[in-house]
Amino acid sequence: MQKTHEKVEDCLALDSRSMAKSAVFEDGRQGTWGWHNTSTGEEVAKIGYSYHNQQLTLHYQFNKQPYHYSINIETTPCHYGGMRYWFTCPDCHKRVAKLYLRDSAFSCRICQKLNYATQQENKLDGTRLVMCRIRNKLNWQYDNAWMKPYYKIRPKGMHQTTFNKLVDRHDQLENKTNRYLMASFKKLSDRYGAELVRT
Ligand SMILES: [Zn+2]
């Protein structure tokens with residue numbers, strides 16, 4: 001019996017927008033597509049791909065079985081020119097921006113019966129939100145979850161004690177965020193890590 005209601009966050013996903021950005025959809029293009037742990041940069045999994053004639057073919061191993069999997073790519077025109085790329089879900093044939101890997105096959109969220117994490121389970125987002133609010137209050141420049149220490153600058157006119165308090169609170173939340181992320185990445189790499197390699 002297949003387990004249903006797994007979380008989207010626990011699955012490896014292909015995003016047609018980021019693939020288009022990396023010029024994957026150029027006729028004759030081939031290469032590998034990898035997933036990375038955003039905190040360590042370490043590669044969690046990768047697959048091989050080739051693109052030809054609006055077909056994206058994926059090559060990968062799952063439970064030591066080799067798979068070759070073809071996905072149709074559709075395009076729609078963008079408002080501001082250029083093209084928007086979409087996958088055709090191999091199961092329901094709907095046009096989707098994301099496909100998820102589960103039980104050796106890629107298909108859309110609906111076909112994979114995936115849920116987003118419930119509010120209660122998804123403590124990460126709440127923690128991150130409060131952390132980002134503190135960063136905004138401090139006028140800190142940041143573009144990801146991990147602040148470089150030398151960006152942690154006291155805004156002009158803020159009392160040192162107020163600043164210290166906010167930084168303490170921020171650092172606690174940052175550590176907490178780290179722990180949640182590490183736990184979920186560990187789960188992900190335990191499940192897929194060594195299994196997905198180019199064939
Ligand atoms: Zn589908």
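Figure 1. C108 is buried, with a relative accessible area of 4%, where buried denotes under 20% relative accessible area, exposed over 50% and partly exposed the range in between (1.4 Å probe, protein chains only). C111, at 25% relative accessibility, counts as partly exposed. The SG atoms of C89, C92, C108 and C111 coordinate the zinc ion at 2.3 to 2.4 Å; donors are N, O and S atoms within 2.8 Å of the metal (3.2 Å for Na, K and Ca), and sites may look incomplete because water is not among the atoms. The angles subtended by the four donor atoms are 106 to 113°, so the arrangement is tetrahedral, a term that requires all angles of four donors to lie between 85 and 135 degrees. Along the chain, the donors follow the spacing C-x2-C-x15-C-x2-C.

The model is predicted: local features need pLDDT of at least 70 and side-chain atom pairs count only at pLDDT 80 or more, whereas totals for chains, interfaces and linings use all residues. Residues are numbered from 1 along each chain as its sequence is written, and side-chain values use heavy atoms, with hydrogens and water left out.

**Figure 2. Aromatic pair F25–Y51****.** Seven aromatic pairs are found in the whole structure; rings of Phe, Tyr and Trp (its six-membered ring) pair if their centres lie within 6.5 Å, and planes under 30 degrees apart count as stacked, over 60 as edge-to-face and the rest as tilted. One of these is the edge-to-face pair of F25 and Y51, with 5.4 Å centre to centre and 65° between the planes. F25 belongs to the loop between α1 (16-21) and β3 (30-36) and Y51 to strand β4 (residues 43-52), so the pair ties together parts 26 residues apart in sequence. Helices (H or I, at least four residues) and strands (E, at least two) are DSSP runs, numbered from the N terminus. Both F25 and Y51 are buried. Ring pairs join F25, Y51, Y85 and F87 in a cluster.

**Figure 3. Charged groups over W86****.** The charged end of R84 sits over the W86 ring, 4.0 Å from its centre. That of R95 also sits over the ring of W86, at 5.3 Å from the centre. The criterion is NZ of Lys or CZ of Arg within 6 Å of the ring centre and within 35 degrees of the ring normal.

**Figure 4. Sheet β2-β9-β10****.** Three strands form an open sheet in this order, with antiparallel pairing; two strands pair if DSSP finds at least two bridges between them. β2 (12-15) and β10 (105-107) stand at the edges with a single partner strand each, so one side of each has no neighbour in the sheet. Four bridges join β2 to the antiparallel strand β9 (residues 98-102). L12 has L101 in β9 as its bridge partner.

Notes: Tetrahedral: all angles 85-135°; square planar, octahedral: opposite > 155°, others 65-115°.
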